[in-house]
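Student: I have the sequence and the model open. Could we go through the fold by question and answer?

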Amino acid sequence: MPYAHITGWGMSVPSKVLTNDDISKMVDTNDEWIRERTGIRERRIADERQSSASLGAEAAIAALKVADLLPTDIDLIICATSTPEHIFPATACIIQDKIGATKAGAFDLSAACSGFIYGLTMGSQAIRAGANKNVLVIGTETLSRFIDWKDRNTCILFGDGAGAFVLQASEQAGGAYGAVMHSDGSGSDLLTIPAGGSRTPTSELTLRTGMHFIHMDGKEVFRFATRVMAGATIEAVEKSGWKLEDLSLIVPHQANQRIIDAAARSLKLPMDKFMVNLDRYGNTSTASIPIATVEAVQQGKLRPGDKVVFVGFGAGLTWGALAAEWTGPKQATRRVVKAEWFPWFAPIRSVLRRFGRLIEGIIFGRKS
Ligand SMILES: CC(C)(COP(=O)(O)OP(=O)(O)OC[C@H]1O[C@@H](n2cnc3c(N)ncnc32)[C@H](O)[C@@H]1OP(=O)(O)O)[C@@H](O)C(=O)NCCC(=O)NCCS
């Protein structure tokens, strides 16, 4: 059975920074309160040209460069997102087109902030089962578009950004090991965008009452998160046949410093075993774990051979964890063609395909 190695990682965040002081000019809050209650200092906000697909595509290309692969080598794209470009088509398909991953199947995965863990689990299992060889797992968000900037309960927490991993099949032991995914829909009302779906389609009333924005019961979500983080970590470690002491690093979902502190206390592990960068990005939902991983690698906190657990929780309610042995980057080959060129050529291919469909329509008629 092939192993699923993590051979590429990349991130993309907007350059626009929104500080706590900036938010205190919009709602009744202040930097001290936000830092004490969440640990967040600032977050990134997408400009009008950026979207979940554009950030996701940039993160994907960065991950492919590390893995020394081209977009055409990818056979599956899983895009975990809580803020898709549309209800359909999948944001994964828009990213597929943007990066020119012409041989890839592509779908979105909706598990809110646990989405990247769910995506990693699905992607690595597709490789373990022999169905796919090179899988791109992306977490990408433009949460700022779903935030009520008059609601101090939510607007302080979230930020925009994207991260991606490349998973590759290998006969060598390593990569993804034990994983767990959990859900409890009885808490589905605790964190939700109530309108815009089939249950409550968008209407004048839903717009007037702000039901197209994120609604959250912060206290309940907090209690749930502190309950499940440690348990899921232990489950993934035990499924891998490891012990907690074997872990070099835990990369938790970056929601709130106090939630991570509580998990560390429950696991009786020191804080230096946890990667934390939420102070600079806030909660970027599905993107938070891959963004934190990229920075952990950059800071030398995650090295080849290290045992690591990725653990997350989110709306649904959902939670999960995946244990992995960190592979590190592959030896680069001397490629004539480079992954970063693809986003320049892919739009030309896209236009030609659209043009081809137009010509086909004229020749064969638009009526059935
Ligand atoms: C949202 C959250 C930071 C609120 O922190 P908290 O300590 O629970 O704060 P509370 O809601 O109990 O509010 C305490 C007080 O601060 C006030 N307050 C709430 N938000 C505030 C803000 N942004 N600035 C200043 N004061 C604020 C409240 O009105 C309340 O005042 P009161 O005591 O006079 O009624 C916290 O509950 C949380 O992080 N929850 C988890 C959210 C999360 O992670 N969501 C994403 C999951 S993927």
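Student: What span should helix H11 have at 1.5 Å a residue, and how far apart are its end C-alpha atoms?
Tutor: This is a predicted model, and H11 covers residues 342-364. Its 23 residues, at 1.5 Å a residue, should span 33 Å. That agrees with the distance between its end C-alpha atoms, which is 32 Å.

Student: Is H11 largely in the open or covered?
Tutor: A residue is buried if 20 or more other C-beta atoms lie within 10 Å of its own. Of the 23 residues of H11, the number buried is 1, so the helix lies largely in the open.

Student: How many residues of helix H5 are buried?
Tutor: H5 runs over residues 115-128, and its end C-alpha atoms are 20 Å apart, in agreement with the 20 Å that its 14 residues should span. The buried residues include Phe116, Tyr118, Met122 and Ile127. H5 is mostly covered, and the number buried is 12 of 14.

Student: Which strands stand at the edges of the sheet that has 5 strands?
Tutor: This open sheet has the order E1-E7-E6-E4-E5, with mixed pairing. The edge strands each have a single partner strand, so one side of each is left without a neighbour in the sheet. They are E1 (3-12) and E5 (105-109).

Student: In E7, which residue is the bridge partner of Gly139?
Tutor: Strand E6 (residues 134-141) pairs with strand E7 (residues 161-170) in the antiparallel sense, over 8 bridges. In E7, the partner of Gly139 is Gly163.

Student: Which residues of strand E4 point one way, and which the other way?
Tutor: E4 (residues 76-80) is mostly covered, with 5 of its 5 residues buried. It pairs with E5 in the parallel sense over 5 bridges, and the bridge partner of Ile78 in E5 is Phe107. Leu76, Ile78 and Ala80 point one way, and the other way point Ile77 and Cys79.

Student: At about what angle does helix H10 run to E1?
Tutor: H10 (residues 288-298) lies across E1, E6 and E7. Its angle to E1 is about 90 degrees.

Student: Is Gly282 buried or exposed?
Tutor: Gly282 is in the loop between helix H9 (278-281) and H10. Leaving aside neighbours within four places in sequence, its contacts are Ile40, Arg43, Leu157, Phe158 and Gly159. With 31 other C-beta atoms within 10 Å, Gly282 is buried.

Student: What is the order of the open sheet formed by 4 strands, and which strands are at its edges?
Tutor: The pairing in this sheet is mixed, and the order is E8-E13-E12-E11. A strand with a single partner has one side left without a neighbour in the sheet, so the edges are E8 (175-183) and E11 (249-252).

Student: Which strands does helix H7 touch where it packs on the sheet?
Tutor: H7 makes an angle of about 35 degrees with the direction of E13 (318-325). The strands it touches are E8, E11, E12 and E13.

Student: Which element gives the most residues to the shell around the ligand?
Tutor: Of the 20 residues around the ligand, Thr29, Arg152, Gly218, Phe222 and Ala255 come nearest. The elements giving two or more residues to this shell are helix H2 (31-38) and helix H7 (218-239). By class, the shell has 10 nonpolar, 7 polar and 3 charged residues. The element that gives the most, with 5 residues, is H7.

Student: Where is the cis peptide bond that ends on Pro89?
Tutor: Most peptide bonds are trans. Here omega is about 5 degrees, and Pro89 lies in the loop between E4 and helix H4 (91-99). The cis bond joins Phe88 and Pro89.

Student: Is Lys268 buried or exposed?
Tutor: Lys268 has a positive phi of about 55 degrees although it is not a glycine. It is in the loop between helix H8 (257-267) and H9. A residue with 12 or fewer C-beta neighbours counts as exposed. Lys268 has 8 inside 10 Å, so it is exposed.

Conventions
Residues are numbered from 1 along each chain as its sequence is written. This is a predicted model: local features need pLDDT of at least 70, side-chain atom pairs count only at pLDDT 80 or more; totals for chains, interfaces and linings use all residues. A residue is near a molecule or strand if its C-beta atom, placed from the backbone, lies within 6 Å of it. Ala, Val, Leu, Ile, Met, Phe, Trp, Tyr, Cys and Pro count as nonpolar, Asp, Glu, Lys and Arg as charged, and the others, Gly among them, as polar. Two strands pair if DSSP finds at least two bridges between them. Two residues are in contact if their C-beta atoms, placed from the backbone, lie within 7 Å. Axes are lines fitted to C-alpha atoms, for helices over the stretch in contact, and angles run from 0 to 180 degrees between N-to-C directions. The expected span of a helix is 1.5 Å times one less than its number of residues.
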